[in-house]
Amino acid sequence: MFGTLSLVDSVSRFGFFTNRQLEESYSGGIGFIACRPKKKEEIVLHQQQYHFFTSRYLLLGARTMSVTTKAVSSLDNVVVKSPNDRRLYRVIELENGLCALLIHDPDIYPEGSVVDADQVDEEEEEDSDGSYEDGEDDDEEEGEGDEEDDDEEGDKGKGDHQTKKAAAAMCVAMGSFLDPPEAQGMAHFLEHMLFMGSTEFPDENEYDSYLSKHGGSSNAYTEMEHTCYHFEVKREFLQGALKRFSQFFVAPLMKSEAMEREVLAVDSEFNQALQNDACRLQQFQCYTSAKGHPLNRFAWGNKKSLSGAIENGVDLRERIMNLYKEYYHGGLMKLVVIGGESLDMLESWVVELFGNVKNGSKTRPTLEAEGPIWKGGKLYRLEAVKDVNILDLAWTLPPLRHAYVKKTEDYLAHLLGHEGRGSLLSFLKAKGWATSLSAGVGEDGINRSSLAYVFGMSIHLTDSGLEKIYDIIGYIYQYLKLLRDVSPQEWIFKELQDIGNMDFRYAEEQPADDYASELSENMLVYPVEHVIYGDYVYQTWDPKMIEDLMDFFTPKNMRIDVVSKSIKSEEFQHEPWFGSRFIEEDVPLSLMETWSNPSEVDTSLHLPSKNEFIPCDFSIRAINADVDPKSPSPPRCIIDEPFMKFWYKLDETFKVPRANTCFRINLKGAYDSVKNCLLTELFINLLKDELNETIYQASMAKLETSLSMYNDKLELKVYGFNEKIPALLTKILAKAKSFMPSLDRFKVIKENMERGFRNTNMKPLNHSAYLRLQLLCKQIYDSDEKLSVLNDLSLTDLNSFIPEVRSQIFIEALCHGNLSEDEAVNISNIFKTSLTVEPLPRKCRHGEQITCFPLSGKLVRDVNVKNKSETNSVVELYYQIEPEETQSTRMKALLDLFHEIIEEPLFNQLRTKEQLGYVVQCGPRLTYRIHGFCFCVQSSKYGPVHLLGRVDNFIKDIEKLLKQLDNESFEDYRSGMIAKLLEKDPSLLSETNELWSEIVDKRYMFDYSHKEAEELKTIQKKDVINWYKTYFKESSPKCRRLAVRVWGCNTNMKETQTDQKSVQVIADAVAFKSTSQFYPSLC
């Protein structure tokens, strides 16, 4: 996939749009509110371990608790874990059948002082009315969180040390496969309703309000065979959160009036996906599956499927209560709790709080399906929303959960999805037919169920490749013949096993709630001892099973989907829920026979070579046994020369054999004009294309590479296991120095870039952010302008430009991790010897300037949606604040605290109460070190004028909200924000990203979060009120705002009721900036 110029704000730490709505993503399968879909790389990561587990299957026997309700079994040391994992695990089962995994994390209370949970909870009960309500999930600030209790009362022993959050997750073994046919989407709707209050906590907002007040967040998602709920919270409020969470599964209210509103929320969620090609394809595959098959359903749910059921005489509340009573019982529940308390304490909480969950059988709901999922010999052409050409193939396999220690499907995915020399992708790229390929069994419920596994192959095609669909499929069957002819190769399995070994041994830690939800899912799939290990293990080499599995890769068992914008027909059919248009064709029998038994295999197709990037050296460079977490050493500048500025930090915290290297390379003249910008992008994309086989091999060995452009800066990152980093960098730089592109690849990459520009801003939320940046940034090249200029560029233009853009450079770099200083210097020397060019003077490096809005400015930018079928409208209201002050964090502290206080009431008012739309969010923005604050609402129901009016109304009420905030609640928010700032980085990569952002922004305050936390301690409620009055009250001259309004297809821009005298309407961005003033460049 080729990246285009990134046009995103520099989002600093906790200044980010944090509401769950945008963070929710569709997990590939019909998984809803899936906040943590596994990335493709992560799927490959999960393999095995070495034979170094001393506590492998040591069961300490059962204990009983001296309470009325008890755990019928409690097992320690049963869970196989990495030797690097300091956490303790216990598996318990309650009398009601509920199975729980308890995890004691010693880093949650590193100082060893656990707060008296009962005292904390009693205090919280007295203050449970809080200051406002709601929040659904609140958020997750760019991967950051909160947690420790830098307590508002300043208890001794709670200093500025970094700590971690507590978390929990519950997975229930029921999902969308169990929807009643007459009320489709019921399981997803049930998931929504459990947030709407319980008998013990009847306030609809109690759970979310409690979490938000204590630095937490929550989410949930519905899959085909399970539903998962999870949260995270500051460490000392875990028990209180569990009290509220447990009531989801004991006595939810599910009031009729709440149901009416949540149907609209489900409908809004569906409308977010309505124009998403991946979601449309998935629902189309469900629609065209065999009648009566569990897959033949509409699992999303929307107003039509749910309210329509009511109109047809279905008692929705009765049905949802029946669904809950039948399946929400202990026998189908898997709970994970992560805390700093002892395992005994965690066990006592779980026994007390979840013991009242209804008893039930552990027998899973049975699903029946006769015959194949899809008809063979068919080709479906699905009209796309975006300008894409995708060939999607699928083969149905038997369910393979029982064989997870063999991972035969992953062996085949490794070969069919390989990108190295001799692979299918390499072959198809050489033909000029494809740009990317992925293969394997997806992680979602459609592709990985108890009924069947679906092995998919998705190929992004060029325009010429679109005309060669049948030829491409023919070559795929040639490659399958190759695999059968050479028979399964044990050395390939051993490579995957070795990679799994090291990845498991040195796995980087995830955020607590991600980890909890992942393990709770795994408890439904693996034996308890393998809830961690199961994703990684390659234990048993079974060539016969691989051969047997390959018998399913036949034309008769293959589904073919072609997704493209350029499908033409007079006889379109329609999928009823998304409205997608499609054509169904029969594949010629002669082709089916040819594919079944290819006469030959093209000599360019062969197995991959052995992976040279798999490391052998896992020694740790850090000598010190323990480093004081309160005073970590910052990166040091070890080279400061005209050619290079080089920062270095040895990792003494995580002590894993990984390192992260980041380089920003200013290129001469790369951003001087739109033509230069495009030629630079062409060069970088062609370079990535040329390097792909090498980079892919390294990525399989967990050594990742990214290349992207930011203005005139090429950003190169190489990160992963550290031993082979120098070797990979040497290969990359050697190619970058000498590479000159060929005409055939130039045409393919140019076509791909053109397609990318045509697809830019198809999503209204992306479009609104783009328009804001277009007005803020002095020098920015519009995507339509780039598309126009790109059309006229030739290979001759590029070949003339490359020597010039490579002639002068400046590099700023960071090496962080398991590298000695000598090794870091050696890396710097690789650049010096590989790139023997002149240094680029500072005055020749691009520095972006930001528009300074006029005093009392009230600006409006109106534009229609780019996709003429997009019903969603967006209002993004941006307030410009001030530039960053040198070495000062006060403005950032005020922004973050303001956001912490108003985020939930904004969501509660505009989303929960007014039901404006599914996306309601706000957050600080830092754009090239100029502070701002954004409010954003997306709606398919209301137009921009109404949305802006409701946002304005909320903003006017903020002063009242702040004044009514009692001191205790204010201290809660301030404490929660401090805890977020002082949260311990969960991984080396997370820490690197923090350090690198300081370098990229040229701030170099590597203790920024600590300084902001200190500043927050000095801020009082009156300071926040005065700050609000200065920057948000219309009467203040420093209130400067820009309203970007993106008009959906069902709205009319002419209906705008804006008073033209009170606002400045910007019709032309270039004209507006030509008369504007700009802040000096800060980075």
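Me: A nonpolar core is a set of buried Ala, Val, Leu, Ile, Met, Phe, Trp, Tyr and Cys residues joined through side-chain atoms within 4.5 Å. In this predicted model, which residues have the most contacts inside the largest nonpolar core?

Reply: OK, the largest nonpolar core holds 96 residues. Helix α20 (residues 674-700) gives the most to this core, with twelve residues. The ones with the most contacts inside the core are F646, F663, L682, I811, I827 and F831.

Me: How many residues are in the other core that lies apart from that one?

Reply: You can look for Y207, Y221, L306 and Y536, which are among the members of this other core. The core they belong to lies apart from the largest one, and its size is 95 residues.

Me: What does F663 touch, leaving aside its neighbours within four places in sequence?

Reply: F663 is one of the residues with the most contacts inside the largest core. Its partners include two glutamates, E715 and E812.

Me: Are helices α21 and α26 roughly parallel or roughly antiparallel?

Reply: Helix α21 covers residues 725-738 and helix α26 covers residues 821-834, with their axes 10 Å apart. The angle between them is about 15 degrees, and angles under 35 degrees count as roughly parallel. So α21 and α26 are roughly parallel.

Me: Which residues of α26 meet α21?

Reply: On the α21 side, you'll find I725, P726, L729, T730, L733 and K737. By class, this contact has seven nonpolar, four polar and one charged residues. The α26 side consists of N826, I827, I830, F831, T833 and S834.

Me: What do we call the angle of α27 to α28?

Reply: The axes of α27 (residues 890-913) and α28 (residues 944-964) come within 11 Å and cross at roughly 130 degrees. Angles over 145 degrees would count as roughly antiparallel, and 65 to 115 as roughly perpendicular. That leaves α27, relative to α28, as oblique.

Me: How many nonpolar residues are in the contact of α27 with α28?

Reply: From α27 come F898, I901, I902, P905, L906, Q909 and L910, and they meet R950, V951, F954, I958, L961 and L962 in α28. Sorted by class, one residue is polar and one is charged, and the nonpolar ones number eleven.

Me: Which residues of helix α13 are buried?

Reply: Helix α13 (residues 424-431) is mostly covered, with six of its eight residues buried. The cover includes α12 (408-416), β10 (434-441), β11 (453-461), α15, α20 and α22 (743-759). Those buried residues are L424, L425, S426, F427, L428 and K429.

Me: Last one: what percentage of the protein chain's residues count as buried?

Reply: The chain has 33 helices and 29 strands. Of the 1083 residues, the buried share is 63%.

Conventions: Residues are numbered from 1 along each chain as its sequence is written. This is a predicted model: local features need pLDDT of at least 70, side-chain atom pairs count only at pLDDT 80 or more; totals for chains, interfaces and linings use all residues. Side-chain values use heavy atoms; hydrogens and water are left out. Axes are lines fitted to C-alpha atoms, for helices over the stretch in contact, and angles run from 0 to 180 degrees between N-to-C directions. Helices (H or I, at least four residues) and strands (E, at least two) are DSSP runs, numbered from the N terminus. Contact means heavy atoms within 4.5 Å. Ala, Val, Leu, Ile, Met, Phe, Trp, Tyr, Cys and Pro count as nonpolar, Asp, Glu, Lys and Arg as charged, and the others, Gly among them, as polar. Buried means under 20% relative accessible area, exposed over 50%, partly exposed in between (1.4 Å probe, protein chains only).
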